[in-house]
Amino acid sequence: MLTHILSPLVTRAPFLYCRRFCYLSCGIMATSPPSKRARIDAPEPDQPAASTTEGSAVGITEPDVGIIQYLGSHAGFSGVLKQRYTDFFVNEITPSGEVLHVKHVPTQAPPRPAQPKKEQRKKEEEKFVIDEIAEGEITAILGEECVLGLREVVKSGGSYETTKTFDDKDERGRIHQLIRTAYNSKVESKTTPEYTFKFTKFAGNQGNNRRRDHRSKNQALAALDPIVVGNMGDREAFTHFTIFKENKESMDACHIIAKFLRMKPKSITIAGTKDRRGVTVQRASIAHTPVERLVSLNKAFRDIVLSDFRYEKERIKLGDLCGNEFVITIRDVQLPTAGDKDVETVVNEALTSLAKTGFINYFGMQRFGTHSVPTHEIGIKLLQKRYQEAAQLLLSVQPLVVPESVAAREQYARDPDDISSTLKLMPRYCTAEVSILRGLERSSQDWLGAIMQIPRNLRIMYVHAYQSFVWNTVVSERIAKFGLAVLEGDLVLDDTKKANAQEDADDEFEEDVMDRSEFVTARSITAEEMREGKFTIFDVVMPSPGFDVEYPAHFELRASYERIMAKEGLSPYKMRHNVKEFSLSGAYRHVLAMPGNVEWWCRRYSDPLQQMVRTDLDILRAREQTGIEPGRVLDQDEIPVGDRLAVILKLRMGSSQYATMALREVMKLETSRRGDMFDVKLFGTRDGQLVEPATSSTFIIEAASDLEENELSRKVAGAA
C-alpha cells in the first residue's frame with residue numbers, strides 16, 4: 001500500500017496548503033538540488049510542533065527500520081506523487097484473480113406520483129376496518145371511555161392517555177398487541193413511566209410495509225433495474241457489494257454507509273483497507289440488509305458509489321483478496337543530475353528492471369508510524385513487559401507529533417501525576433494517548449491496565465511492527481552478505497503441511513493484509529535440492545519471529561535473528577508472552593516480490609492539474625454516451641503537450657506488499673516521511689495560475705485538510 005503520510009499544516013507561510021496543490025518532490029538530493037525545487041529540510045521558525053527537541057527532527061529513516069538494500073543497478077529519477085487523488089488508483093484483486101471494477105451503477109427508484117389527498121384518504125378509509133373482537137377485549141380491560149378515545153384518535157388524530165395503570169409487563173404486552181390488531185396498526189401505543197398507556201395516531205403506512213415480503217421487493221426492484229436483480233442471486237444472510245470511493249479512507253466510507261443505514265460500523269466488513277488519497281474499488285459485505293436499501297444510498301453520497309450487489313452465505317473477511325492493482329501517476333519526472341541519458345530512457349530502464357527482477361519485499365515505512373518514536377520501539381517495550389516505559393513513550397514530548405497534542409504532552413512532562421489536566425488537553429483523535437490517560441485516571445499505577453485500554457488492533461500493531469523491523473534487518477543482512485544466491489538452509493514454503501492455528505491471528509488487525517503464506521509451514525532447502533537447482537530466490541521466505549515458525553537452518557541467517565533480538569534482551573525462541581495478544585506465532589514472507597502485469601506510459605503535459613487516468617465511473621459514463629469503452633490511460637493526443645513529463649505506472653501486487661517499496665526500487669529514493677520521496681512543496685495561485693513559492697515549510701503528521709477539492713480551490717484562489 002502506498003500511504004499518504006503528510007501532516008496538517010502548521011505554518012504562517014503566505015501560500016495556503018491544501019491536498020490538491022501538494023507537491024511531493026521525489027528524489028531531490030540534499031547535496032545538489034535542482035534550482036527550481038529546493039529540498040525541504042528545515043522548519044519555519046514559527047512552527048511550534050516542528051521545533052527540534054533532543055533527538056532528530058527528521059524522524060525515522062529507512063536504515064532505522066532495516067531498509068537498506070536495492071536490487072537493480074539502474075539510475076533513479078525524481079517525481080511528484082499524489083498531487084491529485086486521481087493520481088493514485090487501487091482496484092482490489094479478488095480471490096479468483098479478477099481485478100475488481102465497477103460494472104454497473106444501479107438506477108435509483110423514482111418517487112411514486114402522489115395521489116390527491118382526498119382520494120388517498122378515501123382509499124384508506126375504505127381499507128380500514130376495526131377488528132370488533134379485539135376491540136371488545138380492549139373494552140373489557142380499559143373500559144368504554146377509553147375505546148371512544150381510541151376511535152377519536154383514529155378519526156381525528158391527537159392523543160389519548162389512560163388513567164388506569166398496569167404494573168404487569170405481560171399484561172402491558174398483551175394490550176399493545178390488542179391495540180395493533182383492533183386498529184390495523186393505525187394507533188401507536190406507548191407505556192409511560194407511570195405505567196399508563198398513551199395512544200397516538202400512526203402517521204405512516206407501516207402495517208402494509210411490514211407485511212410486504214422479500215419476493216415482492218425484488219420484483220419491484222427488477223422492474224426498475226433488472227441488471228441488479230439478475231446478478232444478485234437468491235436472498236442470503238449477507239449482501240456483498242462494491243465500494244467505489246474517492247479521497248476517503250476505507251473505514252470512513254464504512255462509517256458513512258453504516259450511519260445512513262443506522263447500523264454499527266462493524267456490521268460492514270472488507271477484505272483490506274485502501275488509501276485515503278486515491279480512487280479505490282473494493283468489495284464489502286453487510287449482514288441482513290436487502291439490496292434495495294443499499295441501492296437507495298447512492299443518491300445521498302457524493303464520493304462513494306455502491307454497485308454490483310450479490311447475496312452470499314458468508315461475510316467477507318480481512319484478507320479475502322489476492323492483492324491490488326495500482327495505477328500510479330508520477331508527475332514532473334526529472335533526473336536528479338544531468339547525464340548522458342535522457343529522462344525517458346532512464347525511466348524505461350528503471351521500470352524494465354522492476355518488471356524483470358522485482359524488488360525486496362520490505363515492510364514499508366508506514367508500518368513504523370509517523371511520530372519521532374516509531375511503533376516498533378513501543379512494541380519492544382511491550383515484549384519486554386516494560387509497560388510504564390511504553391506508556392510514557394507514547395505520551396512523551398517529541399519533535400514530530402500531532403501539533404494539537406503538544407500542549408498535553410508538555411503538561412504531562414511537567415506534572416505526570418495530574419492526569420486529569422493532561423487528558424483535558426489531549427485531542428480525542430489521539431486514540432492511544434487518550435486511552436492510556438483514561439486508564440491511568442482510574443488507576444494511576446496500573447500501567448498494563450492503561451496499555452490494555454488502547455483498542456486491540458492498535459495495541460498489537462506495536463508488536464507486529466517489531467516483528468517487521470527484525471524481518472527487514474535480517475533480510476538486508478542476508479542480501480548484503482550473500483546477494484541473491486539460494487543457500488542451503490534457506491527456507492521455502494512446505495505446501496504439504498498446514499500450520500497450527502495462529503494464536504495471534506486477529507480479524508480486526510490489518511496485517512498488510514495477511515500473506516497467504518501465514519497459513520502454511522516452511523522447511524529448509526537440502527543439499528540435494530541445491531545441486532538440482534530446484535529453487536530460485538523468489539521461492540525463499542524468511543520468518544518474522546514467533547513461537548510457531550521455523551528459522552533458517554543456515555547458521556549465519558539464524559545467528560542474525562539471535563543477535564538482532566538479543567540487543568533488546570529478547571530471543572526468537574521465546575516469543576510467548578503472559579499477555580496472550582503479545583504472544584506472537586510469527587509468519588513467513590517472501591524475500592523478493594515480483595509485481596505482475598507491469599505496464600507504463602510516458603505523457604508530456606503542461607497543466608499541473610491535468611488528469612491522466614480515467615476512473616471506473618468515467619469509463620462507464622463514456623460507454624453509456626458513445627457506446628465505446630475508452631482506455632483507462634489517456635492517449636497523448638487527448639492531453640495538451642507541454643514541457644512536463646508524467647509517468648503512469650500500472651502493476652499488480654500481493655496483498656501484503658507495499659507499493660512504496662516498489663517505487664523505492666524504481667526511483668532509488670528514501671521513502672521515509674521526511675525523505676526525498678516525500679518532501680513537500682506548497683503551491684498557491686496568482687492571476688489564476690499555479691505558482692511555486694520562494695520558500696518552503698516542513699510538516700508534521702498525517703493529512704492536511706478534510707475540505708473537498710472545490711472548497712480548497714476557492715480558498716487558494718482567494719488567498720492569492
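Is Phe-197 buried or exposed in this structure? In the predicted model examined here, Phe-197 has a relative accessible area of 0% and is therefore buried, the limit for that class being under 20%. Phe-199 is likewise assigned to the buried class, because its relative accessibility is 0%.

Aromatic pairing was examined next. Ten aromatic pairs are present in the structure. An edge-to-face geometry is found for Phe-260 and Phe-301, because their planes stand at 90 degrees, with the ring centres 5.2 Å apart. This second pair connects distant parts of the chain, since Phe-260 belongs to helix α8 (residues 250-261) and Phe-301 to the loop between α9 (291-297) and β10 (304-312), with 41 residues separating them. As for accessibility, Phe-260 is partly exposed at 43%, whereas Phe-301 is buried at 12%. Ring pairs also join Phe-166 to Phe-197 and Phe-199, giving a cluster.

Aromatic rings also receive charged side chains. The charged end of Arg-589 is placed over the ring of Trp-471, at 5.6 Å from the ring centre. Over the face of Tyr-70 lies Arg-664, 3.9 Å from the centre of that ring. Arg-664 is also one of the buried residues of helix α21.

Helix α21 (residues 659-667) is mostly covered, nine of its nine residues being buried. Besides Arg-664, the buried residues include Ala-659, Thr-660, Met-661, Ala-662 and Leu-663, together with Glu-665, Val-666 and Met-667. These buried residues pack against the strands β2 (78-81), β11 (323-334), β12 (359-360) and β19 (644-654), and against helix α10 (343-357).

Two helix pairs were considered in turn. The packing of two helices is described by the angle between their axes and the distance separating those axes. Helix α2 (residues 132-142) packs on helix α4 (residues 169-182) at an angle of about 140 degrees, and the axes are 8 Å apart. The two helices are therefore oblique to each other, and α2 passes α4 in a left-handed crossing. On the α2 side, the contact is made by Ala-134, Glu-135, Glu-137, Ile-138 and Ile-141. The α4 side contributes Glu-171, Arg-174, Ile-175, Leu-178, Ile-179, Thr-181 and Ala-182.

For helix α11 (residues 375-383) and helix α17 (residues 456-482), the axes come within 7 Å and cross at roughly 105 degrees. An angle between 65 and 115 degrees counts as roughly perpendicular, so α11 and α17 fall in that class. Residues of α11 in this contact are Thr-375, His-376, Ile-378, Gly-379, Ile-380, Leu-382 and Leu-383. Their counterparts in α17 are Arg-459, Met-461, Tyr-462, Val-463, Ala-465, Tyr-466 and Phe-469.

Leu-100 lies in the loop between β3 (88-93) and α1 (117-127), and Leu-100 is buried because its relative accessible area is 6%. When neighbours within four places in sequence are left aside, Leu-100 is in contact with Asn-91, Glu-92, Thr-94, Thr-242, Val-281, Gln-282, Arg-283 and Asp-616. Between Leu-100 and Asn-324 the C-alpha to C-alpha distance is 8.9 Å, although 224 residues separate them in sequence.

Methods. Residues numbered from 1 in each chain as written. Predicted model: local features only at pLDDT ≥ 70, side-chain atom pairs only at ≥ 80, totals over all residues. Heavy atoms only, no water. Phe/Tyr/Trp six-rings, centres within 6.5 Å; stacked < 30°, edge-to-face > 60°. Buried < 20%, exposed > 50% of the residue type's maximum accessible area, 1.4 Å probe, protein only. Helix = DSSP H or I, 4+ residues; strand = E, 2+ residues; numbered from the N terminus. Lys NZ or Arg CZ within 6 Å of the ring centre and 35° of its normal. Axes fitted to C-alpha atoms, helices over the stretch in contact; angles between N-to-C directions. Parallel < 35°, antiparallel > 145°, perpendicular 65-115°, else oblique. Left-handed = near helix turned anticlockwise from the far one by under 90°. Contact = heavy atoms within 4.5 Å.
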